[in-house]
Amino acid sequence: MSLEPTPFAGKVYLLKEGKHRILEGHVWIYRTEIDHYDRHIKDGDVVEVISASGQSLGVGIWNSQSQISVRIYARERLPLNKEIIYSFLTKAFSYREKLFQAKDRNAYRLFWSESDGFPGLVIDKYADWYVVQLLTSGADLKRNEVIEVLKEITKSSNIILRNDAPVRLLEGLPLGKECLGKDIPALYSVCIEGIPILVDLLNGQKTGLYLDQAANYKLISQIAKGKRVLDCFSYQGLFSIFCAQQGAQSCVAVDQSRTAVDIGKENASRLGLKIEWVCENAFDWLRKKEREREKFDLVILDPPSFTKTKAQKDSAFRGYHEIHLRALRLLDSGGFLASFCCSHHITMEEWKELISRACWETSSRLRYLGCLPQSPDHPILFNIPETEYLKGVLAQKID
């Protein structure tokens, strides 16, 4: 890869005041950190970032419509061309190939945005199909190069563009979906930890499945044998399916999406598993079961992100707090709680504090057993704390 000086669209100059995280390895530059910039640059342009002392700090993608005005992709003055995209993808794919050499899993994240060097690009593998998301203006402008490189590396044209994620709106980008390959069946079978699972790649949440939880499906199921399991915000009920597969006494999967519940039912039926499916708002259902004084031995809380911005944290905490109060009242003595938060705006310390408060208010004692992290195909970088967005806690009620 050439290291020769390369012309860019313009330069962005940082304020002298403040401690810029970019100097510690982070890759985001907020508009509040910028002193001035070349006015001719356009959204999606590659710009060079200059410190207040005149030092070049790297090159990144500019977007005036986002609070994150620049996303760094290289510390050297490298153009964002097909060559560097090829380098990003081959390194990321190589890492995943080493992770998933066994044949019991053929669905996982191949490329993940900042964690793999290209902000806004997400690629998920579902057997011989590849689902691509272009979530930033810079990634969107490089659509053709990304598709070309992906085809070259995988030797496949089975590509779906899932550009329907609401985060694109924050970048000033339109929403849409497109299938670039042959016609795909409405439900497509993949393998997660040895279990065949049907997925809707065109219309399912995220890119079809919550691949970041794959390792936790198997881990939680190992304590489910003989237990009464409650799986709240279950989506397609993969926690329930894995628990039932491991011999749970009973499983109840609760989700308000009729489509997700129907797919879950089909998966369970194919596997010969007995699961009670509830298509209902989880908050309402938990309130009802609390009044009925029902008890469970394993409660799984995997709610969606109630907070997309820092400004929403207070209201999000109220929602999270309520479901934990009700879950702890439904959890029998000796039972287990698996609690997850998927917002990068909430830290693990804050999540533990929230659970601790719910324990106090319900007069419960919980023994902390460990953390439940995101699957390793969603790599976490120390210099970018936001890459650790999924925070899970496993605990046991001891009275």
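## A guided tour, starting at the cysteines

Start with Cys-232: its sulfur is 12 Å from the closest cysteine sulfur, in Cys-251, too far for a bond. A disulfide needs two cysteine sulfur atoms within 2.5 Å. Keep in mind that this is a predicted model. Now show the surface around Cys-232. The residue is buried, and its relative accessible area is 0%.

Next, select Cys-342. Its closest cysteine sulfur belongs to Cys-341, 6.2 Å away, which is again too far for a bond. Search the whole structure and the count of disulfides is zero.

**Helix α6**

Move to residues 238–245, which form helix α6. How many of its eight residues are buried? The count is seven, so the helix is mostly covered. Colour them one by one: Leu-238, Phe-239, Ser-240, Ile-241, Phe-242, Cys-243 and Ala-244. Then step just past the end of α6 to Gly-247. Here phi is positive, at about 95 degrees.

**Helices α1 and α3**

Now select two helices together: α1, residues 82–99, and α3, residues 143–154. Two packed helices are described by the angle between their axes and the distance between the axes. For α1 and α3, the axes come within 10 Å and cross at roughly 45 degrees. The two helices are therefore oblique to each other. Which hand does the crossing of α1 and α3 have? It is right-handed.

Show side chains where the helices meet. From α1, pick Lys-82, Ile-85, Tyr-86, Leu-89, Thr-90 and Phe-93. From α3, pick Glu-145, Val-146, Glu-148, Val-149, Leu-150, Glu-152, Ile-153 and Thr-154. Colour this contact by class: eight residues are nonpolar, two are polar and four are charged. While there, look along the helices. An α-helix has 3.6 residues a turn, so residues three or four places apart point the same way.

**Tyr-37**

For the last stop, go to strand β3, residues 34–37, and select Tyr-37. Its relative accessibility is 24%, so Tyr-37 counts as partly exposed. Which residues does Tyr-37 contact, leaving aside its neighbours within four places in sequence? They are Lys-11, Val-12, Tyr-13 and Trp-62. Draw a line from the C-alpha of Tyr-37 to the C-alpha of Val-12: it spans 4.3 Å, although the two residues are 25 apart in sequence.

Key: Residues are numbered from 1 along each chain as its sequence is written. This is a predicted model: local features need pLDDT of at least 70, side-chain atom pairs count only at pLDDT 80 or more; totals for chains, interfaces and linings use all residues. Side-chain values use heavy atoms; hydrogens and water are left out. Axes are lines fitted to C-alpha atoms, for helices over the stretch in contact, and angles run from 0 to 180 degrees between N-to-C directions. Helices (H or I, at least four residues) and strands (E, at least two) are DSSP runs, numbered from the N terminus. Angles under 35 degrees count as roughly parallel, over 145 as roughly antiparallel, 65 to 115 as roughly perpendicular and the rest as oblique. A crossing is left-handed if the near helix is turned anticlockwise from the far one by less than a right angle, and right-handed if clockwise. Contact means heavy atoms within 4.5 Å. Ala, Val, Leu, Ile, Met, Phe, Trp, Tyr, Cys and Pro count as nonpolar, Asp, Glu, Lys and Arg as charged, and the others, Gly among them, as polar. Buried means under 20% relative accessible area, exposed over 50%, partly exposed in between (1.4 Å probe, protein chains only).
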